[in-house]
Structure formats: C-alpha cells, structure tokens
Amino acid sequence: MKTLQFREAIQEAMSEEMRRDESIYLMGEEVAEYNGAYKASKGMLDEFGAKRVIDTPISELGFSGVAIGSAMNGNRPIVEFMTFNFSLVGIDQIINNAAKIRQMSGGQFNCPIVFRGPTASAGQLAATHSQAFESWYANTPGLKVIVPSNPADAKGLLKSAIRDDDPVIFMESEQMYGDKGEVPEGEYLIPIGVAEIKRKGKDVTIVSFGKIIKEAYKAAETLAEEGIECEIIDLRTVRPMDHNAILESVKKTNRLVILEEAWPFGNVATEITYQVQSQAFDYLDAPIVKINTADTPAPYSPSLLKEWLPNSEDVIKAVKKVMYREE
C-alpha cells in the first residue's frame, strides 16, 4: 500500500489508463496548462501532450458535445467539469445524447465517456455552486453514477469507469482532494455497482456515500462509547445501486438511517427507503430515518451553512430515534 491524496489517486487512474489506451484523452477547463483547477491532472500535459490533455473554452455545452461525438467515433474521452454545478450548462448533451444514443441508434453507437468533477457543497461558495446532482443524473436511464469517498475507491472506480462502454458520471468533492489514504500498489479495479461495508455493527445500518460519510464515521465512534454498534455502508455507486448489500445489512440490524448531502425531496435516500420497505419491511423494527440538507438553496453565511448541512450530531439523534433511545 502507498499513501496518496485524493487528487493524486484521480491523476494516477487517468494516467495509467491513458498509457494503456491511446483512444483515451482528457479535456476541460484548465486541465492542461494549469494542471487542473484542483491539480487533479498535474503533469499530464507534459506526459501526454496537447492532443490528449486539452484546455477548453468556458463552454460546457460545446465541449461536452464535442466529447460525445468523439466517443461515438471510437474515442474514450474524460471530461472534467470544474464543478458539476457547471454541468447544467451542458446537461442537454449529457441527458439527451450521451445517455440515449445507444438505445436510439439500436446499438449502432455506444458512448464510452466519463464526466468527472466535484459535486455538492465546498464551504462558502453560495447557492449556485453548492448543489448535489447525484439523484438528478441517477434518474436518467443510460447513465452510471459513481461517488467515491476516499482515494483508494476513487482510483479503482475511476479506472473501471474509463473502461466502461457506457457514459459514467464520476462525482468528487473539492473538500476531499487533499484527503490522504492508503491505495494499493499496482493495477487494481473496483467493480461498478458494488457497495462496501466500511464498519461492521449489529444495532443499526447507516448508508451514505461521498464526503458526507465522514459524519457517519464520527457518529459511530461516539455511539460506540454508549454501546451502540453501527454498521456503515458506503454505496460508492449510486447507479447501479447495490440493493442487496443494504438489504442484507438491514436484515441483520433491523434499523436503517440514510445520510445524504442533498435536498430532501426525491433523492437517493428516498429510493433506498422505498427499496427497503418493499423488500425487507418485516425485518424493520423502526421507521427508516433519512438525513438531508435543509430544503433551501445553500446559504452563504457560515453559521447558516453549518445549520444547513447534515452533521454527526444529526446522525447520532437519528440512530437513537430508530433505537427508541431518544433523550
């Protein structure tokens, strides 16, 4: 094992795949000369040259469309959005072209493309730069959606995403690029659609993904001091979702809390809640509790932002609620 920052794991995954396959290239704003807005493509221009690491104009609709057309003609582009908030400018290309071209062409064209970049809040970036779009993209047939929470998962899943023959939305976090973690030496892939139990427990299942899962870890440590053992599942992939991993855990613990950094209406947690109540209702000893952001645009004020975001205290309260141990 070696220790890498999250950004370094992303860079390694892209570079290793680009060395393996000349049809792969990276494009986006500031990915080349500036080494990436978050330095996730550091050194790649020097190694692969300007034909394979391409700085684009500030035109997400334009370069997303160029990349999709390129993918339909045999290439495997990686498109970096400086933030997925900016992907809204190019969302017509992603939803109406990338996601649908295989079906609409009767299988004559596929679209092996990865759209990657940071999602959700990253401090005081205000309402239009602090949005989580995992459930938006996961709602679209034809797209796969991956949201890793640590460097090892990020590298293994990104390599799998680049090799996938379908379009993949790969969502990171500005607040995780500096996170360090152990990453296996040498070649490894993590399969898309497989969740992982990050912490074993018998009393309650907590399901989460992305950077907000850190709050679940904090809560679990505190609850352990009170004799409550939490089982934490990291989805890693939102679509396709590993329903079986969640169901098997709930059948053991009989309680479920879902932690997601997203607005409360119609999100990933809502889908998980439906799947569990429809397939494991008789195993539940308490109603499912889901924890989300407040149902408002993200505030700029630091004090309001703190209240808006879910935290470990919210998780602790939710766990005690499903265990009927509310104070």
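Glu 30 is found in the loop between strand S2 and helix H2, where helices (H or I, at least four residues) and strands (E, at least two) are DSSP runs numbered from the N terminus. The model is a predicted one, in which local features need pLDDT of at least 70 and side-chain atom pairs count only at pLDDT 80 or more, while totals for chains, interfaces and linings use all residues. Residues are numbered from 1 along each chain as its sequence is written, and side-chain values use heavy atoms, with hydrogens and water left out.

The phi angle of Glu 30 is near 70 degrees, a positive value in a residue other than glycine. Lys 39 is also found in the loop between S2 and H2, and has a positive phi of about 60 degrees although it is not a glycine. Most residues other than glycine have a negative phi, and most peptide bonds are trans. Glu 30 counts as partly exposed because its relative accessibility is 36%, and Lys 39 counts as partly exposed because its value is 31%. Here buried means under 20% relative accessible area, exposed means over 50%, and partly exposed lies in between (1.4 Å probe, protein chains only). Glu 33 lies in the loop between strand S2 (24-28) and helix H2 (44-48). With 65% relative accessibility, Glu 33 counts as exposed.

Glu 30 and Glu 33 gather with Asp 46 and Asp 55 in a patch of negative charge on the surface. Patches are made of residues with over 30% relative accessible area and no salt bridge, like charges being joined within 9 Å and nonpolar side chains (Val, Leu, Ile, Met, Phe, Trp, Tyr) within 5 Å. Accessible areas come from the Shrake-Rupley method with a 1.4 Å probe, and for residues only the protein chains shown count as cover. Lys and Arg count as positive and Asp and Glu as negative, whereas His and the chain ends are not counted. The place of a charge is taken as NZ of Lys, CZ of Arg, CG of Asp or CD of Glu.

The structure holds 28 salt bridges, each a side-chain nitrogen of Lys or Arg within 4 Å of a carboxyl oxygen of Asp or Glu. One of them joins the side chains of Arg 116 and Glu 80 (2.7 Å, N to O). This pair links distant parts of the chain, with Arg 116 in strand S5 (residues 114-118) and Glu 80 in strand S4 (residues 76-80), 36 residues apart. Both Arg 116 and Glu 80 are buried.

The side chains of Lys 198 and Glu 196 also meet in a salt bridge (2.6 Å, N to O). Lys 198 counts as partly exposed at 28% relative accessibility, as does Glu 196 at 31%. In the pair formed by Lys 251 and Glu 248, the closest N and O atoms are 3.7 Å apart. Both residues lie in helix H9 (residues 243-253), 3 residues apart, about one turn of the helix. Lys 251 is partly exposed, with a relative accessible area of 31%, and Glu 248 is partly exposed, with 42%. A network of salt bridges links Lys 2, Glu 12, Glu 16, Glu 17, Arg 20, Lys 155, Lys 159, Arg 163 and Glu 187.

A cis peptide bond, with omega about 0 degrees, joins Arg 239 and Pro 240. Pro 240 lies in the loop between strand S12 (237-239) and H9.
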